[in-house]
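Reader: Could you take me through this structure, beginning at the surface and then moving inside?

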Amino acid sequence: LPQQAGDRGWAWMVLLAAVVLQGLTLGFPCCIGVFFTDLQQEFQASNSQTSWFPSIMVAVLHGGGPLCSILVKRFGCRFVVMLGGLLSGLGMVSSSFCQSISQLYLTAGFITGLGSCFSFQAGVTVLGYYFVRWRTLANAMASTGVSLGFTLWPPLSQYLLDKMGWRNTFLIFGGILLNCCVCGAIMRPIQPASGSLLESAKPEEKPGSGAEEAQLTKCFQMLQKYLAFDIFCQNKGYQIYTIGVTWMMMGFSLPHIYLVPYAIHNGLEERKAALLISIIGLINIFIRPFTGLLSGHRIFTGRRIYLFSLATLLCGLSNFICVISAEFSALILYCVILSIAMSGVGALTFQVLMDVVEMDRFSSALGLFTILESITLLIGPPLTGLLVDITSDFHYVFYNSSFFLMSAGLFMGLSFCALEKKNKLREASKACLDNPSRYQYSETSTEPKAESQSPPAVQYITSI
């Protein structure tokens, strides 16, 4: 496809595929909480042991970014999305035959997580090439797929679990996730102005004694290219944002994993407990597009990070509702507020990343960004689960979540504010070096030759 095909025509079919894709990949882990109690009883596992399963899935989903970037560069987004669909389906089908919780770590955790990573991140990458003018709206609309997933996966999971047990449910889920292959088939390769997205330079072999050094150099260059260490060291905005989101992820996924077990633990019926996650998703469907349109307005150009920080703070504050009360009405209020805040986080996460890095380095910047946050996504839920096992108090789930979310939101907001002020001071000092200062000019303006100097005075004022 030519570059001009972006923002119209087939681009909107690709957007539709991305919506379904995010519902199948990012939306899927939200339903794991429905199976939490059954898996604990089946394998006689603790909260910490059981939480490793969704933690590994989500961590690999986010942390496989560098490998996904390499595959996208080599084979293109379409191939990687379809490969991810095959791996996701295989992982869930294999999970239905597991005889221990540790086997679930490999099948549903690692294999399904890796497949979801390939499908999701390749889908996000291809949107950046198909959309330019409407990129903010496209990212927000694509993220509504996550909301659809949040809405549909939990009730479907609870229904199938009641009818046929978790093993047959996982088998059916494997077939559903194969639909990622259909979404990948829709994503036709697009050719940017710089050349084909599918093409990549083949490594050149250097004969002789320098072959080993050449290989080491290529490995180093590949790591730098696909993990974007150079951007992390040189781009302060990317550095702050990556650190902030990495810290935030320690607490972001905790409510998604533990909300249903927490509600059941406090005497709520299983169907009502599963409904809580669906409420979060249902509200997200309507709020995310609005958030995307609002953040795409020119007023917020260069200020989207502050909206993201406010949404993160609101996520953290909402957790205190669960601490105060475990009544169904209070939990519904919690889900409504959390959903509104999550819509801001979900709609802006990748848009802010596109704001702080150039689009031609987005894929590699996304790789490092996701692999760092995957570390905290991996260790956050099991550590919190261990704390719950020791204290037998589910309130620590929400205490921990609030601490990490609120501290991350404050860090990002204040750091970007300080960085913006620093950049303005640097620009002002540069302007003073490039042009005569006002003070110097005011001294010479009293001289008889002031008339001849008046044009530059007007020029200085207008340039400032």
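Author: Leu16 lies in helix 1 (residues 10–25); helices are DSSP runs of H or I with at least four residues, numbered from the N terminus. This is a predicted model, in which local features need pLDDT of at least 70, side-chain atom pairs count only at pLDDT 80 or more, and totals for chains, interfaces and linings use all residues. Residues are numbered from 1 along each chain as its sequence is written, and side-chain values use heavy atoms, with hydrogens and water left out.

Reader: Where is Thr312, and is Thr312 buried or exposed?

Author: Thr312 is in helix 14 (residues 304–318). Thr312 is buried, as its relative accessible area is 0% (buried means under 20%, exposed over 50%, partly exposed in between, with a 1.4 Å probe and protein chains only).

Reader: Which residues is Thr312 in contact with, leaving aside neighbours within four places in sequence?

Author: Thr312 is in contact with Met248, Val345, Leu405, Gly409 and Met412, where contact means heavy atoms within 4.5 Å.

Reader: And what does Phe308 touch, not counting residues up to four places away in sequence?

Author: Phe308 touches Tyr241, Val245, Met248, Gly344, Val345, Leu348, Thr349, Val352 and Met412.

Reader: Changing topic, how many disulfides does the structure hold?

Author: It holds zero disulfides, a disulfide being a pair of cysteine sulfur atoms within 2.5 Å. Cys31 is in none, and the nearest cysteine sulfur, that of Cys30, is 5.6 Å away.

Reader: Is Cys31 buried or exposed?

Author: Cys31 counts as buried, with 0% relative accessibility. Cys315 is buried too, with a relative accessible area of 1%.

Technical notes:
Helix = DSSP H or I, 4+ residues; strand = E, 2+ residues; numbered from the N terminus.
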